[in-house]
Each structure stands twice: as structure tokens, then as C-alpha cells.
Amino acid sequence: MRRSGLMIVTGIACLSAYAGVPALDQRVDSLLVQMTLTEKIGQLNQLSPRGFGEFALAVREGRVGSVLNEVDPEVISRLQHIAVEESRLGIPLVFARDVIHGFRTILPIPLGQAATWNPTLVEQGARVAAREASSVGIRWTFSPMVDVSRDARWGRVAESGGEDPVLNGRMGGAMVRGYQTDNPADPTAIAACVKHFAGYGAAESGRDYNTTWLPLPLLRDVYFPPFEEGVRAGALTFMTSFNDINGVPSSANRWLLQDVLRDEWGFDGVIVSDWGSISDMIPAGVAADRKEATLLAAAAGVDIDMEGLCYPAHLEEWVKEGKISEETIDGMVRNVLRLKFRLGLFENPYTEIENRPVMYAPEHLETARRLAEEGTVLLKNDGILPLGKKPGKILVTGPLADAPHDQCGTWAPDREKSRSVTPLAALRRMYGREAVIYSPGVRYSRDNSGDGISAAVEAARDADVVLCFLGEEAVLSGEAHCLALLDLKGRQRELVERLHAVGKPTVAVFMAGRPLTVGREIELSDAALYSFHGGTMAGPALANILSGDVNPSGKLPVTMARLTGQYPMYHAHKNTGRPPFWSVDIDDIPLEAEQTSTGCTSYHLDAGVEPLYPFGYGLSYTEFEFGTPTLSAQTVSKSSAVPLKVSCTVKNTGNRRGEETVQLYIRDKVASLARPVKELRDFVKISLEPGEARQIEMELAPDRLAFHGLDGSEIIEPGEFEVWMAPDSSSGEPVTFTLTD
Ligand code: BGC
């Protein structure tokens with residue numbers, strides 16, 4: 001009996017293929033008709049194991065459909081055997097985990113991966129994560145997170161692709177493909193989960209879980225596109241977000257989940273709540289109790305209750321009371337069963353033991369290193385970098401120089417810090433132990449003792465070059481770890497100031513979960529690299545860049561502000577009716593000056609209007625020259641099937657090979673709703689030999705010029721547009737074209 005469900009299903013699959021009916025749906029339905037209501041609700045219940053015995057009983061009775069946070073392959077295997085061989089219908093479990101940027105081999109945090117601007121490499125990284133995670137039996141990851149985030153106070157900016165919808169969408173799509181491959185039933189494929197739908201990154205004041213107030217044009221122009229890209233990439237699952245949008249929590253938002261995600265975008269996968277986000281509706285003030293929260297979520301279209309314990313307790317009651325139909329439950333269960341069939345779990349529920357040596361495979365470490373290299377941004381170089389093979393005596397200092405745990409960043413629950421190669425270890429290996437003096441100065445990023453600063457300063461006197469690894473600990477970013485002040489913590493600035501006074505050439509290397517306000521530290525350094533948290537191979541990657549073995553090519557996926565108070569800050573901002581032509585520094589305002597004397601324009605007296613570094617910015621050890629863009633036409637009709645072609649020549653004018661990211665920006669000059677001063681529309685990363693020039697062509701189809709009106713509908717308005725092809729969001733000269741009816 002135990003296995004008969006499985007056999008019947010398989011048999012019907014063959015018949016349905018013969019009859020021409022979609023095989024998958026028929027397999028799902030043939031199983032569904034055999035299920036009791038309790039078994040159906042069991043498929044909608046996702047839990048972490050709590051003590052084996054009781055949990056095993058729930059699995060045996062079909063009261064759990066998916067499991068999260070179990071990574072022990074033996075436990076996974078035992079539970080799966082119970083589900084398949086001892087439950088009435090033999091429906092396999094699916095094991096889920098937050099494999100956010102690698103499983104054991106930790107890749108750079110997603111923000112660092114976005115800084116590569118290299119979706120192909122990011123896809124390879126997701127493949128590494130999937131291979132390692134699937135080898136213990138995990139077949140579902142809660143990644144990618146594609147929440148556009150324009151406020152670095154929000155700790156989860158670390159998990160995102162940054163401030164831009166196009167960049168987030170490309171990175172998210174690449175991750176989906178890397179996790180799932182073309183065949184999610186492959187035993188090394190894992191289901192992706194595009195999260196958190198939607199608007200989570202707009203949390204007010206960058207404080208996690210906070211409310212958002214998002215008008216339709218902003219949702220549809222900025223927050224939705226990366227999610228739609230996730231559907232296009234074939235993501236099998238979606239997760240709702242914790243926040244409310246305009247007062248409606250995402251887990252209760254039928255418009256979001258049904259009208260947009262399912263009906264408009266055609267998503268037929270699983271929608272899972274976030275952890276407890278159904279019961280969170282009680283403190284949020286939209287549900288009186290768990291029972292009411294259950295009704296709201298099920299009616300909105302949330303298929304699985306993650307750790308909320310609402311569905312198993314109350315769904316059946318609602319069905320009996322007639323408020324939720326069994327057809328609705330069937331629809332939810334179908335989505336879950338479809339996922340399990342798509343993952344091939346009915347045919348292959350168990351994980352082969354021999355898959356396991358895959359952890360830290362040499363090619364995985366190499367992918368991790370390449371991601372960390374390409375995700376490192378050179379912000380400043382007064383000529384001191386690269387150091388070359390014989391830089392003399394090197395002082396390695398700062399709290400992140402030898403922090404194997406922290407360099408892995410947030411959301412790396414399966415990291416093994418003993419496997420991290422730190423910058424200190426990598427530099428010693430590269431230059432020899434005698435050439436490297438180590439004096440941390442401060443022991444960890446928040447260290448307020450100042451005990452080690454004098455020793456580091458003394459050591460600097462004996463050094464030829466100082467490498468100062470600054471930043472933040474992993475725990476200062478990520479979920480629920482938001483900051484109101486983005487300056488370096490502890491006494492890191494003092495360390496930099498005192499080292500500066502010694503006068504040796506100094507390189508500042510920042511390793512952090514977000515863009516920090518480090519203008520002063522950069523000013524006091526001769527060169528600066530921004531590397532985010534680079535993962536297991538952060539050390540070798542940085543050593544390769546510092547020495548010059550690798551030419552840096554990272555570009556900022558976020559705008560770096562001068563002061564925290566400038567956030568939210570992003571390149572695609574509106575011009576306002578009072579854009580600043582000039583700004584007056586607060587210290588230059590005379591006493592008792594007239595109110596109007598500073599210009600009455602839009603800027604902060606104590607920060608001006610410019611960021612520290614713009615979105616898309618990043619230097620190289622070589623130089624690139626961009627020609628003026630040319631257009632295939634000066635006018636283009638909005639109904640034209642032929643896209644406008646924009647081209648420009650990019651030349652490597654330096655004397656070493658390098659990679660450059662060519663970025664296409666547009667501006668709709670006059671529209672019925674004010675449009676951003678620049679919007680990224682496309683990008684491509686290219687590699688050029690010294691002296692090599694290449695013509696780069698990108699297409700701008702009329703729909704890439706569209707935006708959404710106040711009622712949420714798409715508008716393509718005729719008028720004049722500017723277009724840039726540039727190395728970052730603040731350079732280059734635009735060319736103009738006209739869109740006609
Ligand atoms: C986070 C999700 C995560 C989930 C499962 C939640 O707290 O918001 O991003 O996937 O936990 O661990």
C-alpha cells in the first residue's frame with residue numbers, strides 16, 4: 001500500500017502522455033483525488049524539525065509537506081524514507097534551506113555578486129551552491145532575493161542586487177538558471193525562490209519589516225521588474241514579503257499574488273509565506289488571531305505556511321465553515337505537488353551518498369574566487385596599486401584582515417570558518433611570511449578599546465606599504481540588522497588617521513555588507529578597494545587584485561553616499577523643480593545670512609547633492625575611452641517593430657588587458673509624470689586587450705521607453721529622449737532622439 005500511490009501516479013502519467021493531456025497536471029490530479037483534507041493541508045505546512053520522534057510521526061501521518069533548516073544528510077534521508085515508504089500516499093518531502101550565497105563554499109554576498117555585473121559568472125556561482133546543497137538532499141533554496149534597495153541603512157541590502165531593477169533582474173534571473181538548470185529534475189538542481197514579493201526593500205527609514213507606501217508607478221517601474229524577470233527565468237517558487245504595501249501585508253494581498261503574479265505574469269509555481277508572516281498579521285493589526293490570519297493568507301493565494309502554524313491549525317475549520325472551498329485548497333496543493341514532480345522527487349526522492357565530496361571542489365573555490373575578484377570595486381588609485389611582486393615590507397592591519405567568520409557575510413548558516421582564506425593568509429602565501437607584518441590595530445569592527453592602535457602605528461613605521469582592512473562584521477548587516485549611522489564602527493577611523501600620520505603609502509580595503517560612509521577614510525588613503533563580504537575566497541581574490549595578478553573590474557551596484565542622511569540615494573532620482581546648480585557648504589554660510597542666500601534648491605547643507613561615488617562606478621588598472629554614442633535613427637515610432645540601435649566605441653587605452661562594463665542609460669525629458677534623470681536600461685561587460693577598440697551595440701525597443709501611470713497602466717509617450725553609453729551613471733554625454741506616435 002505504502003508505495004502504491006507512487007505506482008498509480010506513474011502509470012497514469014504514461015497514459016496521459018498517450019492521450020495528449022499535459023502529463024504533469026494529470027499526475028498531480030490523480031494523486032490529489034486520493035488525498036484526505038488533512039493530507040492536503042499537510043502539503044501546505046512547512047516546518048523545521050523539532051525533535052526527531054514527534055516530527056517523524058507528523059511526516060508519517062502526512063501532516064508536513066516540506067522541511068526547512070535540516071542539513072544533516074542522514075536526518076534528511078531518514079525523514080524522506082518515512083515520507084515515501086511509511087506515509088499513506090508516499091508523497092516525498094522537499095527539503096529547503098537559505099542557500100543564499102553558497103552552501104559550504106561561500107560566495108560573495110549577493111550585493112558583491114551584483115558588483116561583478118557579470119550574470120554568466122553569477123549563474124555559475126548559483127550552480128556551485130546548488131551542487132553542494134543538493135548533495136545533502138536540499139532541493140529548494142530561498143534565493144534569489146531581488147528586492148530593489150535604495151537605502152543602505154536596511155541590513156538586507158546585502159542580500160539584494162542593489163538599487164536598480166535591471167541589475168537586480170539580471171542577477172536574479174542568472175541565479176534562478178544556475179540553481180534550477182534547464183532540467184529541475186536533475187538531482188543537482190534545486191528550486192529557486194524569488195523573494196520577497198514585494199516592496200520589502202522600500203522599508204521606511206531602512207528599518208527591517210517596516211511599512212512601505214508605494215504608489216503603482218513606483219511598484220511597477222522599480223520594484224516589480226526583477227520579480228517578473230524571475231518568472232521569465234522559470235523560477236519554481238516565490239516568497240511573500242514581511243512588509244505591508246499601503247497597509248496591506250503581502251501575505252494578505254490577493255491583488256499582488258493572484259492578479260499580478262499569477263494572472264498577469266503567468267506564474268504557476270508555489271507561493272510560500274515568509275517565516276511566520278501569516279501570524280505576523282496579528283501584531284501588524286490586520287488580523288485578530290491566527291484563525292483570521294489563516295483566512296486572509298489562503299484567500300490571497302499563499303500556498304505554504306512557513307513556520308506560522310496557522311494553516312495546520314485553522315484551514316480545516318475554514319473549509320468546514322464554508323469560508324474556504326476545498327477547490328481553493330486543491331489549487332494550493334496542486335502547486336505544491338507540481339513542484340515536487342518538477343523536481344523529480346517522485347522518481348528520485350533520495351540523495352546518493354557518493355555525491356557528497358562535492359563540497360569545496362576546486363572548481364567551486366575557483367568560481368568563488370572569481371566572483372570575489374570581479375565583485376571588488378577599485379574606488380581610488382593614486383598610483384600605488386598594483387603592488388607588484390616586490391612591494392617590500394607590508395603591514396597588514398584592520399579588523400577584517402583576518403576575520404574568517406565575518407568575511408563570509410550575512411546568511412551563510414552553513415559556512416565553516418576554518419575553510420575561509422583570509423586576506424592575511426593569502427598575502428602571506430603570496431609574499432612570504434617575512435614580508436608581511438600583522439598588527440590588527442582593532443580586533444573587530446566595533447572594538448572600542450583602542451588597545452592595539454599604537455602597536456599598529458609602530459609597525460607601520462617599519463613597513464613600506466600599509467594595507468588596512470576595514471569594514472563591518474557579518475552580523476551588522478542582513479535580516480533585522482539595520483543601522484542608523486553608516487560610518488565605520490569602533491575606532492577604525494582613528495586607526496586610519498593615526499596610520500596616515502605615519503605617512504606610508506596606504507591602501508584601504510573595505511569588506512562590508514553594504515556601502516558604508518567612508519569618505520574620510522578614503523581621503524586619507526592612497527588607494528581604496530570596496531569588496532563587500534567576499535566569502536570563502538575573499539583573501540586570495542583581494543591578494544590577486546592588490547598584487548596586480550588580477551585587474552579589478554567591479555562596479556558599484558549601489559550609490560555610495562557621503563553621509564547616512566543622504567539615503568535613500570540612487571541614480572534614478574527625479575530632478576525636482578529646483579535642481580541644485582551649486583550648493584553652499586554649511587560652514588560657508590555667513591552669520592545671520594538671508595534664508596534665500598543659499599539658493600533655494602534641493603540639497604543638504606551638510607552633504608551637498610553629490611554622492612561619494614555614483615552607481616555603476618569602478619576603476620581599473622587600465623584606462624578605457626568611450627566614443628560618443630551614435631543612433632540608428634533620430635526618430636523612432638512607438639509602434640515600430642525595429643528597435644533603435646545605440647552604439648559606441650570603447651577602447652582600452654592603457655597597457656594591460658582589462659574588463660569594462662558598458663552601461664546604457666536613458667532619460668525621458670518631458671512626460672506626464674516626472675521621470676528619473678537617468679535610468680539604466682542595459683549593460684554588457686567586455687574584455688579588451690591593450691590598444692583594442694570595440695564597437696558595442698545595444699537595442700532600445702519602444703517598450704524599454706515605457707513607464708507606468710498613476711493607475712498602474714503602461715504608457716509609452718512620444719517625445720524627446722536622451723541616451724548615454726557610459727562607464728558609470730555620472731559620466732558621458734548624451735545623444736538625443738525623438739519617439740513619435
Ligand atoms: C527571511 C527569509 C528566509 C526565511 C527562512 C525569514 O526570516 O526573511 O528571507 O528565507 O526566514 O529562513
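Student: How far from an oxygen atom of the ligand does a polar side-chain atom of Glu 479 lie?

Tutor: In this predicted model, the distance from a polar side-chain atom of Glu 479 to a ligand oxygen is 2.8 Å. A pair of N or O atoms within 3.5 Å is read as a polar contact. Asp 98 also places a polar side-chain atom 2.4 Å from an oxygen atom of the ligand, and for Arg 156 the corresponding distance is 2.7 Å. On its own the ligand exposes 310 Å², of which the protein buries 94%.

Student: Which residues are around the ligand?

Tutor: Among them are Asp 98, Arg 156, Lys 195, His 196, Met 239, Asp 274, Trp 411 and Glu 479. Phe 142, Phe 242, Trp 275 and Met 306 also belong to this set.

Student: What joins Lys 195 and His 196?

Tutor: The general idea is that most peptide bonds are trans. Here the bond between Lys 195 and His 196 is cis, with omega about -10°. His 196 is part of strand 5. A cis bond also links Tyr 567 to Pro 568, at an omega of about 0°. Pro 568 sits in the loop between helix 20 (538-547) and strand 17 (624-626).

Student: Why is strand 5 described as largely enclosed by the rest of the structure?

Tutor: The cut-off for buried is under 20% relative accessible area. Five of the five residues of strand 5 (residues 193-197) are buried, so the rest of the structure largely encloses this strand.

Student: In what order do the strands of its sheet run?

Tutor: The sheet is open and made of three strands, in the order 5-6-9, with parallel pairing. Strand 5 and strand 9 (270-272) are the edge strands; each has a single partner, so one side of each has no neighbour in the sheet. From one strand to the next the twist averages 25°. Strand 5 is joined to strand 6 (residues 237-240) by three bridges, with Phe 197 opposite Thr 240. Strand 6 pairs with strand 9 over three bridges as well, and there Met 239 faces Val 272.

Student: Is Val 231 buried or exposed?

Tutor: Val 231, in helix 10 (residues 225-232), has 15% relative accessibility and so counts as buried. Leaving aside neighbours within four places in sequence, Val 231 is in contact with Phe 238, Leu 261, Trp 265 and Phe 267. The C-alpha atoms of Val 231 and Val 194 are 8.4 Å apart, across 37 residues of chain.

Terms used
Residues are numbered from 1 along each chain as its sequence is written. This is a predicted model: local features need pLDDT of at least 70, side-chain atom pairs count only at pLDDT 80 or more; totals for chains, interfaces and linings use all residues. Side-chain values use heavy atoms; hydrogens and water are left out. Buried means under 20% relative accessible area, exposed over 50%, partly exposed in between (1.4 Å probe, protein chains only). Helices (H or I, at least four residues) and strands (E, at least two) are DSSP runs, numbered from the N terminus. Two strands pair if DSSP finds at least two bridges between them. Contact means heavy atoms within 4.5 Å. A residue is near a molecule or strand if one of its heavy atoms lies within 4 Å of it. A polar contact is a pair of N or O atoms within 3.5 Å; within protein, one must be able to donate a hydrogen and the other to accept it, and residues adjacent in sequence count only if both atoms are side-chain atoms. Accessible areas come from the Shrake-Rupley method with a 1.4 Å probe; for residues, only the protein chains shown count as cover. Axes are lines fitted to C-alpha atoms, for helices over the stretch in contact, and angles run from 0 to 180 degrees between N-to-C directions.
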